[in-house]
Amino acid sequence: MRPSRTVSSIAVLAVGALALVGCSDGTDPAPSPTPSPSATASSESVTPSPTASSSSPSPTASPTQQPSAPAGFSLADASSATFPELGGDLGSIGVVRVGRHTGYDRVVWQFAGPGRPSYQVRYVAEPTADGSGDSVDVRGKAYLEVMVTFVGVPAESTPQPSDASASSIAGTVIAQAMPVYGGFEGYGQSFVGVRDRQRPFKVTVLTKPTRLVIDIYSG
């Protein structure tokens, strides 16, 4: 009995070995393909690279940016340190003229009196006359109100000076510049019409003769 069992065992082992050989040759599934380095790189390239994102224009390169006004120019109200206190005696009239300069246009009021003026210059929504509150017709789309002291009352025979001439404002950002003619309780008033919009400005006082100067940025 023992020899036959041994033979049978050997036969079983042989059959099992053949079965394993057959499985490994034909039925074992091929291993799943492992992504190659090139395949991995290809899938990662879907994410935008820094080079691709840098092609977008930077804010500093935007063609819509506007140059800033020079130092000293502003849209904010401007007034002398003493305003609203009355300044020195300016007489009763401020003759106005306009000059064109590179980067700005200048409005000048010249007074006969020797006093140093106090002043306030600001943009207003609607020009109105000081004292009466009546509407004042001013050309342009933005309006600078000029208040200056001390301005007296002109004699009845004193003619009112003209606005700045059409030839002087031609080619400037200024649509109209009015003279100062008399004052209400010492305060003389004028308006400057700016053609297109509120523009930065600065104010200067000059002497000998006394002048109030407003430079309006034209760039």
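Trainee: Where is P209 found?
Mentor: P209 sits in the loop between β10 (201–206) and β11 (210–217). Keep in mind that this is a predicted model.

Trainee: Okay, and what kind of peptide bond joins K208 and P209?
Mentor: A cis peptide bond, with omega about 0 degrees. K208 lies in the loop between β10 and β11, and phi of K208 is near 55 degrees, a positive value in a residue other than glycine.

Trainee: Why point that out?
Mentor: Most residues other than glycine have a negative phi, and most peptide bonds are trans.

Trainee: Is K208 buried or exposed?
Mentor: K208 is exposed, because its relative accessibility is 81% and the cut-off for exposed is over 50%.

Trainee: Which other residue has a positive phi of about 55 degrees?
Mentor: E185, which is not a glycine either. Look for E185 in the loop between β8 (183–184) and β9 (187–194). E185 is exposed too, with a relative accessible area of 63%.

Trainee: And what joins T149 and F150?
Mentor: Another cis peptide bond, with omega about -5 degrees. F150 is in the loop between β5 (142–149) and α4 (166–169).

Trainee: Let's zoom out. How many helices and strands are in the chain?
Mentor: Four helices and eleven strands. The chain has 219 residues, and 32% of them are buried.

Trainee: What about the surface?
Mentor: The accessible surface of the chain is about 13600 Å², and 57% of that belongs to carbon and sulfur atoms.

Trainee: Now the inside. How many residues does the largest nonpolar core have?
Mentor: It has 29 residues, and W109, I174, F201, L212, I214 and I216 have the most contacts inside it. Elements giving two or more residues to this core include β2 (93–101), β3 (104–111), β6 (174–177) and β11.

Trainee: Which element gives the most?
Mentor: β5 does, with four residues.

Trainee: What does V124 pair with in β5?
Mentor: The bridge partner of V124 in β5 is Y143. β4 and β5 pair in the antiparallel sense over seven bridges.

Trainee: What about β1 and β4?
Mentor: Strand β1 (residues 78–79) also pairs with β4 in the antiparallel sense, over two bridges. There, S79 stands opposite Q120.

Trainee: Why is β4 largely enclosed by the rest of the structure?
Mentor: Because five of its seven residues are buried.

Trainee: Switching topic: is Q189 buried or exposed?
Mentor: Q189 is buried, because its relative accessible area is 18% and the cut-off for buried is under 20%. Q189 lies in strand β9.

Trainee: And what does its side chain reach?
Mentor: The side chain of Q189 reaches the backbone oxygen of T128 at 3.0 Å. It also makes a polar contact with the side chain of E145, at 2.9 Å.

Trainee: Last topic, rings! How many aromatic pairs does the structure hold?
Mentor: Four. One of them is F73 with Y104, a tilted pair with 6.5 Å centre to centre and 45 degrees between the planes. F73 is in the loop between α3 (50–53) and β1 while Y104 is in strand β3, so the pair ties together parts 31 residues apart in sequence.

Trainee: How covered are those two?
Mentor: F73 is buried, at 14% relative accessibility. Y104 is partly exposed, with a relative accessible area of 21%.

Trainee: Why is the pair of F83 and Y187 edge-to-face?
Mentor: Their planes are at 85 degrees, so the pair counts as edge-to-face, and the ring centres are 6.1 Å apart. F83 lies in the loop between β1 and β2 and Y187 in strand β9, so this pair ties together parts that are 104 residues apart in sequence.

Trainee: Which residues do ring pairs link into a cluster?
Mentor: F73, Y104 and Y217.

Notes: Residues numbered from 1 in each chain as written. Predicted model: local features only at pLDDT ≥ 70, side-chain atom pairs only at ≥ 80, totals over all residues. Heavy atoms only, no water. Buried < 20%, exposed > 50% of the residue type's maximum accessible area, 1.4 Å probe, protein only. Core = buried A, V, L, I, M, F, W, Y, C linked by side-chain atoms within 4.5 Å. Pairing = 2+ DSSP bridges. Areas by Shrake-Rupley, 256 points an atom, 1.4 Å probe, with all protein chains shown as cover. Polar contact = N/O pair within 3.5 Å; in protein donor to acceptor, adjacent residues only side chain to side chain. Phe/Tyr/Trp six-rings, centres within 6.5 Å; stacked < 30°, edge-to-face > 60°.
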